[in-house]
Amino acid sequence: MRRWCSRVAAISAISPSPSHFRLVARADQRALLALPWGLPLAEWPDDLVVDVARGIGRHVVRFVALNGTYYALKELPQRIAEREYRLLLELGEQNVPAVEATGIVADRGELESVVITRVLEFALPYRLILGRRMLPAPEATIRAALAELLVRLHLAGFFWGDCSLSNALFRRDAGALSAYLVDAETGELHDKLSDGQRRHDIDIAEENLTGELYDLSAELEREVVADPWAFAEDVRERYEQLWAELTEEQVFDAGQGQKLEERLRRLNELGFDVEEVELERDGSDVRLRLHSKVVEPGHHRRRLLRLTGLDAQENQARRLLNDLTRYKAYLERTQNAPLSDTAAAGRWLSEIFEPTIASIPPELLGKRAAAEIFHEILEHRWFLSERAGRDVGLKRATESYVEQVLRAAPDEKLPLL
């Protein structure tokens, strides 16, 4: 039995048609089993599939809704499908931002295998982002998100081999964007990447990004970025800067112990933690080494989750933690008594965050993730307060945000065609 079969529940079945198939699934096994696997995906009936916005791909992809959850189905040659499924599972185990693999259908006779992934909610393909006249976030944040995604993949030892805008999805993240890997069929997972492998991956990315942006401009008959070459080069530069900050060796005098604290603080501000550091003293010098395998992203996400149970993107978590800190200071000032972080988080969650989200009309909640809505309300409150010359308060800001911003915003929970 293949390695991936040992991770999940396997189901073998014969469909009503003569064709035979083998389904390996981690969820919704019964519903998935009922799908017409004896037909090529391209021939599935229209009433069974959902039209979801996606990037350009080489393979047939269909989307289905089962028990309230959306899944993406992609046809691939069996060997490649099994490999992609295994890679996505392993990336998920390492908390790398990628779509979640939930199943694979193989042994379909002459038909190709199908990899099943869960559709990433509130995620946008680049064509939908750059195709809009009003972008959901500054264009520079797409470059920053791609660069960070590449860094996180390389930290995990993953060689992408086909980094492109089409093979990524983007989620709003408190005024910025976070990127997720969608396509891993050309990837390779190693214990550690060499500098040559990393440079080769970046070279591929630079070429793919430039070509895609020129293609999209030609399709839309307008510029989508000022200079596609400069866009791709900036992704490379951002990648190199972040990689160096996370892994570069640093030498300082033995009496400059604060240099270590400064480095770790910068990493926390970037959203990373370091599980361990290696310090080597040679005379009056101290050599600091950070190994890629122990640099862990998600500093603010983990802290917010630990304090409140809320799962958010990194920048969203940072913003919510800042509001929590301000509320804690307000409580301590008004009560004239210190308050623990845990107690303050409980008060903030029950008195600020949850009532605010509960006040959003239910039909509008699908337009943004809850953490993003709260961030945008805080931004809206700031603008209203600046214009009024005083703090307008959270309740008024929320009401104004719903009517002036959210009601007219597109639904992004599942971008449909």
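Modeller: Let us start with a term: a helix here is a DSSP run of H or I with at least four residues, and helices are numbered from the N terminus. By that reading, Glu245 sits in helix α6, which covers residues 228-247. Keep in mind that this is a predicted model.

Biologist: How many helices and strands does the protein chain have?

Modeller: There are 12 helices and 16 strands in the protein chain.

Biologist: Staying with Glu245, which residues does it touch, not counting residues up to four places away in sequence?

Modeller: Contact means heavy atoms within 4.5 Å. On that basis Glu245 touches Arg263, Arg266, Leu267, Leu270 and Leu290. Now look at Gly366, which is 121 residues from Glu245 along the chain: the two C-alpha atoms are separated by 37 Å.

Biologist: What does the radius of gyration say about the protein chain as a whole?

Modeller: The idea is to compare the radius with that of a compact globule of equal length. For 417 residues such a globule would have a radius of gyration near 22 Å, and the protein chain has 24 Å, which agrees. Along the principal axes, the C-alpha atoms fill a box of roughly 75 × 65 × 45 Å.

Biologist: What share of the contacts in the protein chain, at a separation of 6 or more, comes from residues 24 or more positions apart?

Modeller: Those residues account for 64% of such contacts.

Biologist: And how should I read the surface and the charges?

Modeller: The accessible surface of the protein chain comes to about 20,300 Å², with 49% belonging to carbon and sulfur atoms.

Biologist: What percentage of the residues is buried?

Modeller: Buried residues make up 50% of the 417 in the protein chain. The general idea is that, in soluble globular proteins, nonpolar side chains tend to be buried together. In this model the largest nonpolar core has 61 residues, and those with the most contacts inside it are Ile142, Leu146, Trp160, Phe170 and Leu181. Helix α4, residues 140-155, gives the most to this core, with 9 residues. Apart from it lies another core of 29 residues, including Leu307, Leu310, Leu324 and Leu364.

Biologist: Ile142 is on that list. Is Ile142 buried or exposed?

Modeller: The cut-off for buried is under 20% relative accessible area. Ile142 has 0%, so Ile142 is buried. You will find Ile142 in helix α4. Leaving aside neighbours within four places in sequence, Ile142 is in contact with Ile129, Leu130, Leu165, Phe170, Leu177 and Phe231.

Biologist: Which residues does Leu181 contact, beyond its neighbours within four places in sequence?

Modeller: Among them are Leu88, Leu91, Leu149, Leu153, Phe158 and Trp160.

Biologist: Where in the chain is Asn95?

Modeller: Asn95 lies in the loop between α2 (78-93) and β5 (100-106). A backbone angle stands out there: Asn95 has a positive phi of about 60 degrees although it is not a glycine. For exposure the cut-off is over 50%. With a relative accessible area of 60%, Asn95 therefore counts as exposed.

Biologist: What is the phi of Asn336?

Modeller: Asn336, likewise not a glycine, has a positive phi of about 55 degrees. Its loop runs between α9 (314-335) and α10 (341-358). At 71% relative accessibility, Asn336 is exposed.

Technical notes:
Residues are numbered from 1 along each chain as its sequence is written. This is a predicted model: local features need pLDDT of at least 70, side-chain atom pairs count only at pLDDT 80 or more; totals for chains, interfaces and linings use all residues. Side-chain values use heavy atoms; hydrogens and water are left out. Helices (H or I, at least four residues) and strands (E, at least two) are DSSP runs, numbered from the N terminus. The radius of gyration is taken over C-alpha atoms; the globule rule is 2.2 Å times the number of residues to the power 0.38. Buried means under 20% relative accessible area, exposed over 50%, partly exposed in between (1.4 Å probe, protein chains only). Accessible areas come from the Shrake-Rupley method with a 1.4 Å probe; for residues, only the protein chains shown count as cover. A nonpolar core is a set of buried Ala, Val, Leu, Ile, Met, Phe, Trp, Tyr and Cys residues joined through side-chain atoms within 4.5 Å.
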